[in-house]
Amino acid sequence: MAETLLFNALRDAIDEEMAKDPTVCVFGEDVGQYGGSYKVTKDLYEKYGELRVLDTPIAENSFTGMAVGAAMTGLRPIVEGMNMGFLLLAFNQISNNMGMLRYTSGGNYTIPTVVRGPGGVGRQLGAEHSQRLEAYFHAVPGIKIVAVSTPTNAKGLMKAAIRDNNPVLFFEHVLLYNLSEEIPEGDYICALDQADVVREGNDVTILTYSRMRHHCIKAVQQLEAEGVDVELIDLISLKPFDMDTISRSIRKTHRVIVVEECMKTGGIGAELIALITEHCFDDLDARPLRLSSQDIPTPYNGALENLTIIQPSQIVDAARRLKAGTL
Amino acid sequence: MTQEIAVPARPEATPVSSPLSSHSERLASLYTAGPTAVSRDDGLILYRDMTLGRRFEDKCAEMYYRGKMFGFVHLYNGQEAVSTGVIKAMRAQHDWFCSTYRDHVHALSCGVPAREVMSELFGKATGCSKGRGGSMHLFSKEHHLLGGYAFIGEGIPVALGAAFTSRYKRDAMGDASSDSVTAAFFGDGTCNNGQFFECLNMAALWKLPILFVVENNKWAIGMAHDRATSDPEIWRKAAAFGMAGEEVDGMDVLAVRAAAQRAVERARAGEGPTLLECLTYRFRGHSLADPDELRSEAEKEFWAQRDPIKALAGHLTAHGLASAEELKAIEKEIDAEVADAVSFALAAPEPDPAELTRYIWAED
Ligand SMILES: Cc1ncc(C[n+]2csc(CCOP(=O)(O)OP(=O)(O)O)c2C)c(N)n1
Ligand SMILES: [Mg+2]
């Protein structure tokens with residue numbers, strides 16, 4: 001075990017996979033000489049050269065499309081969105097080409113690509129740099145979506161994503177890169193489709209992902225002191241959802257809250273609760289709850305920004321009332 | 001549009017638009033570089049391929065009106081010299097090819113069997129995309145067809161990726177035999193899209209082995225090229241990216257082939273990309289659903305006179321490379337091949353409904 005920062009865990013995963021497989025390469029803005037805007041590809045340019053760690057011009061739709069063509073002809077590109085929000089410009093390539101092409105080609109081609117980068121609401125970055133594209137991309141067929149939340153799962157999931165033969169949208173979070181913890185040494189992977197049961201409990205199931213995992217952990221500590229026994233699950237896989245783990249938990253607790261950073265309308269929770277209603281209706285003792293960001297562009301002002309996203313106190317309050325039946 | 005905009009006089013400025021903005025004028029003043037001689041064998045290969053393209057498409061129109069194929073169907077009649085001239089100048093199942101929604105003939109030139117293309121258009125399980133793709137999404141990995149792409153411009157980056165792989169395998173993976181070249185086909189209207197410019201830049205920057213083949217047929221559905229593009233001479237845009245650019249008579253298969261050969265040679269030698277603008281014309285409407293009301297009869301007649309298949313037939317017979325009877329015999333063979341494709345596709349099974357969700361994931 002070694003104490004590792006999250007961005008270094010990602011870097012180590014990419015480094016180890018590039019060392020093992022010469023077809024693995026990185027495309028993106030400032031990924032090479034500059035080392036990545038969050039240093040996820042630091043020093044890889046020196047180690048692997050300018051073709052394998054390719055500094056691209058600022059042309060998101062074209063370099064994302066280029067990754068598709070490279071993947072169709074035998075490479076395994078990792079595309080970095082300098083900020084995931086910029087990949088709105090590559091929506092067409094992610095949807096029509098990465099997501100749909102294998103199907104429309106009747107299985108002629110596979111598209112082993114990873115699209116990764118910082119997402120989520122940071123600290124006063126303004127609306128455009130504070131997007132939660134996981135919700136926008138959720139309907140695209142043929143792509144897997146994961147969100148990492150700790151150095152341990154960041155490394156294991158990155159390695160799994162690179163080895164997967166399907167396109168994977170890989171969400172990191174701007175505020176988690178400097179998170180540090182002891183992670184296992186060397187080669188290990190985490191399954192792309194498995195949720196992580198962070199804490200077992202009997203009263204209420206909380207489903208969350210990415211940075212909200214840490215807000216939930218804070219809330220759970222306080223709830224524990226109050227005698228509310230929470231089962232906390234980090235979804236990890238946003239598409240497909242790990243419905244086995246989720247259903248098992250709800251059969252035990254009969255109550256569920258989804259805590260998410262994306263906006264409420266058309267969000268991850270919207271789809272998740274629809275599925276829970278379909279799969280677990282008879283197990284529920286109370287209506288499912290959604291704690292989501294406001295349906296507004298994220299404001300710059302710090303106080304307003306805090307009001308836009310969910311805070312730990314709101315999670316405590318919701319879980320408390322859900323258990324007490326006073327909603 | 002009627003308002004006059006006063007432009008301050010700038011004596012030092014060079015004229016923005018070329019005097020040769022009209023398609024036909026450009027064609028008349030084309031400089032044809034290099035010899036365009038062809039051997040008998042090659043000439044017959046070209047003739048066969050163009051004839052297949054033409055007659056296949058005529059059959060598509062018939063089948064569409066008979067209700068055998070559906071959706072948007074874009075035919076290629078008139079433009080055959082571009083597909084044939086470029087693809088036959090490249091190496092089958094070695095080089096890579098990328099098309100648009102107007103992709104049937106590119107697929108045939110790549111070697112995808114007519115049976116597989118017709119089956120795909122009929123939505124059958126035997127189609128090259130297993131009935132999942134349709135007219136605008138023909139794919140064949142076996143024949144290095146990267147695909148038909150239905151959205152404007154999106155195939156260009158994909159083609160760039162294939163060209164990148166070729167260079168990557170050689171220079172980053174040490175495979176000295178990696179010398180494949182990619183041809184990306186797209187229209188004049190597509191050259192106003194950002195992906196065109198972005199990819200020209202990257203291809204020149206990294207000296208990628210790619211041909212950007214513009215099929216300038218003068219129209220983008222109902223938008224005349226001159227109304228959409230500030231400088232209609234597309235090939236000149238190559239200069240802005242420091243790459244080779246060439247314009248060619250897209251109705252002359254030998255000229256197209258010669259230009260493509262020069263570009264392929266440069267690309268294989270590591271000298272990077274070429275922008276090749278082929279001046280051509282489609283003999284039918286934009287798609288089979290297009291009433292084709294905007295193009296003048298005079299314009300259509302001008303281009304009908306330049307039918308690329310008749311032109312090649314004239315060349316072959318005039319130079320004693322083939323007799324009219326031989327060419328007739330080829331046409332008969334092609335008619336039989338197309339008829340066979342139709343009966344094969346009619347008899348072919350529909351996709352299995354139990355496999356509706358197959359091919360989403362790499363594992364199935
Ligand atoms: C992104 C996008 N916008 C619009 C269309 C609709 N559309 C299909 S073909 C076409 C015209 C394209 O003209 P051109 O590039 O000259 O090719 P041509 O059809 O003449 O071969 C348009 C606007 C589309 N398919 N994709
Ligand atoms: Mg056109």
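In the predicted model, Tyr359(B) is placed in the segment that follows α13 (324-347) of chain B. The phi angle of Tyr359(B) is positive, about 80°, although this residue is not a glycine. Tyr359(B) counts as buried because it has 21 C-beta neighbours inside 10 Å, the cut-off for burial being 20 or more.

A positive phi in a residue other than glycine also occurs in chain A, at His254(A), where the value is near 65°. His254(A) belongs to the loop that joins α9 and β13 (256-263) of chain A. With 17 C-beta neighbours inside 10 Å, His254(A) is classed as partly exposed, since that class lies between the limits of 12 or fewer for exposed residues and 20 or more for buried ones. Most residues other than glycine have a negative phi, and most peptide bonds are trans.

A cis peptide bond is found in chain A, running from Lys239(A) to Pro240(A), with omega near -5°. Pro240(A) is located in the loop between β12 (237-239) and α9 (243-253) of chain A.

Methods
Residues are numbered from 1 along each chain as its sequence is written. Chains are lettered from A and ligands numbered from 1 in the order in which they are written. This is a predicted model: local features need pLDDT of at least 70, side-chain atom pairs count only at pLDDT 80 or more; totals for chains, interfaces and linings use all residues. Helices (H or I, at least four residues) and strands (E, at least two) are DSSP runs, numbered from the N terminus.
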